[in-house]
Amino acid sequence: MKSRDDAVRVVGEIALEAPKTRVIAGLFDQLGAGARTLFVIPEHDLMLEKSTRNLAGVKTILAQNLNPTDVLTADTIIFTRSALTQVEEWLS
């Protein structure tokens, strides 16, 4: 189970004024993200999506599109706090 393997991380909201791949890569490194990282965000955010699309092994997905296949193939799942809240509400 991913939560027992410490593969799930939750971060605060991330607000970027411009695409900053280096900033997001540094954040993922600090969090100890694995080779295949699933980054779950609450809504479309062009700056975050542009910042992650050039990172090898990172897939960015909206909370409403979260699916078992992506969860099972990821080494690490990183949620923003509001994305996790959306998933919790969806599952309850």
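Among contacts between residues at least 6 apart in sequence, 64% join residues at least 24 apart. Keep in mind that we're looking at a predicted model.

The protein has 4 helices and 4 strands, and from the N terminus they come in the order β-α-β-α-β-α-β-α. The radius of gyration is 12 Å, close to the 12 Å that the globule rule gives for 92 residues, so the protein is as compact as a globular protein of that length. Along the principal axes, the C-alpha atoms take up a box of roughly 35 × 25 × 20 Å.

The 4 strands form an open sheet in the order 1-4-2-3, with parallel pairing. Strand 1 (8-11) and strand 3 (58-62) sit at the edges, each pairing on one side only. Neighbouring strands are turned by 20 degrees against each other on average, direction ignored. If you zoom in on strand 1, you'll find 4 bridges joining it to strand 4 (residues 76-80), and the two run parallel. Here V11 stands opposite T80 of strand 4.

What about charged pairs? How many salt bridges does a search of the whole structure find? There are 2. In one of them R36 pairs with D75, and the closest N and O atoms are 2.9 Å apart. R36 lies in the loop between helix 1 (21-30) and strand 2, while D75 lies in the loop between helix 3 (68-73) and strand 4, so this pair ties together parts that are 39 residues apart in sequence. Both ends are partly exposed: R36 has a relative accessibility of 47%, and D75 has 31%.

In another salt bridge, the side chains of K59 and D70 meet at 3.0 Å, N to O. This pair links distant parts of the chain, with K59 in strand 3 and D70 in helix 3, 11 residues apart. Are its two ends buried or exposed? K59 is partly exposed, at 42% relative accessible area. D70, at 11%, falls under the 20% cut-off, so D70 counts as buried.

Conventions. Residues are numbered from 1 along each chain as its sequence is written. This is a predicted model: local features need pLDDT of at least 70, side-chain atom pairs count only at pLDDT 80 or more; totals for chains, interfaces and linings use all residues. Side-chain values use heavy atoms; hydrogens and water are left out. Two strands pair if DSSP finds at least two bridges between them. Axes are lines fitted to C-alpha atoms, for helices over the stretch in contact, and angles run from 0 to 180 degrees between N-to-C directions. A salt bridge is a side-chain nitrogen of Lys or Arg within 4 Å of a carboxyl oxygen of Asp or Glu. Buried means under 20% relative accessible area, exposed over 50%, partly exposed in between (1.4 Å probe, protein chains only). The radius of gyration is taken over C-alpha atoms; the globule rule is 2.2 Å times the number of residues to the power 0.38. Contact means heavy atoms within 4.5 Å.
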